[in-house]
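Me: I have a structure to read, and I would like to know what stands behind the words used for it. Please set each value against its definition.

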Amino acid sequence: GLLIKSEKIKHRVDIFEEKILSRIPGYSFMKAAATDTFGDGSKPMQAVMIRDDVSYMLGLVIEQNERLCTVFVPGAPNATSGEVKIYEIKDVIPINVKAKDVLTSLGRLGKGSNSWLIDAQNKHSELNIQN
């Protein structure tokens, strides 16, 4: 534990991850999910639901700008595979759940996800009433 705090060791581990481990399929995503962060690790991945015709899909925002966001839409029960889609921000519903909880739910074929959507919709309704 003390060695990893050393900047020199941390730098070597980062290089090893970048050059070797990141080439292993799913490694970067699983690391991101385990730490709830992606990329530089400074900001947690946002769990979202996306309306798709008559249903909702669970997703994780990988990156976003003022108008668009890139969302990984994992499959179930194997959440390490899925699709990457780009949505307008207005089309995604943020949910107050950690990325690893989304992946766990998908591993259980979505169990528990209904309550996340209901909570998100209630908060959205409250915001519209206040405005």
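Me: How many helices and strands does the chain have, and what makes a run of residues count as one?
Reply: The chain comes to five helices and five strands. Helices (H or I, at least four residues) and strands (E, at least two) are DSSP runs, numbered from the N terminus. From that end on, the elements run α-α-α-β-β-β-β-β-α-α. This is a predicted model, in which local features need pLDDT of at least 70 and side-chain atom pairs count only at pLDDT 80 or more, while totals for chains, interfaces and linings use all residues. Residues are numbered from 1 along each chain as its sequence is written, and side-chain values use heavy atoms, with hydrogens and water left out.

Me: Where is Thr-70 found, and why is it called buried?
Reply: Thr-70 is found in strand E3, residues 68-74. Buried means under 20% relative accessible area, exposed over 50%, and partly exposed in between (1.4 Å probe, protein chains only). Thr-70 has 16% relative accessibility, so it counts as buried. E3 is mostly covered, with six of its seven residues buried. Of the 131 residues of the chain, 29% count as buried.

Me: Which residues is Thr-70 in contact with, leaving aside its neighbours within four places in sequence?
Reply: Contact means heavy atoms within 4.5 Å. With those neighbours left aside, Thr-70 is in contact with Leu-60, Val-61, Ile-62, Glu-63, Val-84, Lys-85 and Ile-86.

Me: How do you know that E3 pairs with strands E2 and E4?
Reply: Two strands pair if DSSP finds at least two bridges between them. Four bridges join E2 (residues 55-64) to E3, and seven join E3 to E4 (residues 82-88), so both cases meet the rule. E2 and E3 run antiparallel, as do E3 and E4. E2 and E3 form a hairpin with three residues between them. The bridge partner of Leu-60 in E3 is Phe-72, and Thr-70 stands opposite Ile-86 in E4.

Me: What makes Lys-85 and Glu-83 a salt bridge?
Reply: A salt bridge is a side-chain nitrogen of Lys or Arg within 4 Å of a carboxyl oxygen of Asp or Glu. The closest N and O atoms of Lys-85 and Glu-83 are 3.8 Å apart, so the pair passes. Side chains of opposite charge can pair when their charged atoms come close.

Me: Are Lys-85 and Glu-83 buried, exposed or partly exposed?
Reply: Lys-85 has a relative accessible area of 26%, so it is partly exposed. Glu-83 is at 45%, and therefore counts as partly exposed.

Me: How many salt bridges are there by this rule, and which residues are joined into one network?
Reply: The count comes to three salt bridges. Glu-88 and Lys-90 meet at 4.0 Å, N to O. Asp-91 and Lys-90 meet at 3.2 Å, N to O. Salt bridges that share partners join Glu-88, Lys-90 and Asp-91 into one network. Lys-90, at 65% relative accessibility, counts as exposed, whereas Glu-88 is partly exposed at 32% and Asp-91 is partly exposed at 36%.

Me: What is the largest nonpolar core, and which element gives the largest share?
Reply: A nonpolar core is a set of buried Ala, Val, Leu, Ile, Met, Phe, Trp, Tyr and Cys residues joined through side-chain atoms within 4.5 Å. The largest one has 15 residues, and those with the most contacts inside it are Leu-58, Leu-60, Ile-95, Val-102 and Trp-116. Strand E1 (46-52), E2, helix H4 (99-107) and helix H5 (113-130) each give two or more residues to this core. The largest share, four residues, comes from H4. Apart from this core lies another, of nine residues, among them Met-57, Val-71, Tyr-87 and Val-92. In soluble globular proteins, nonpolar side chains tend to be buried together.

Me: How do you know that the buried residues of H4 are on the same side?
Reply: The buried residues in H4 are Ala-99, Val-102, Leu-103, Ser-105 and Leu-106. They cover an arc of only 160 degrees around the axis, which puts them on the same side of H4. The arc is that of the directions from the helix axis to the C-beta atoms.
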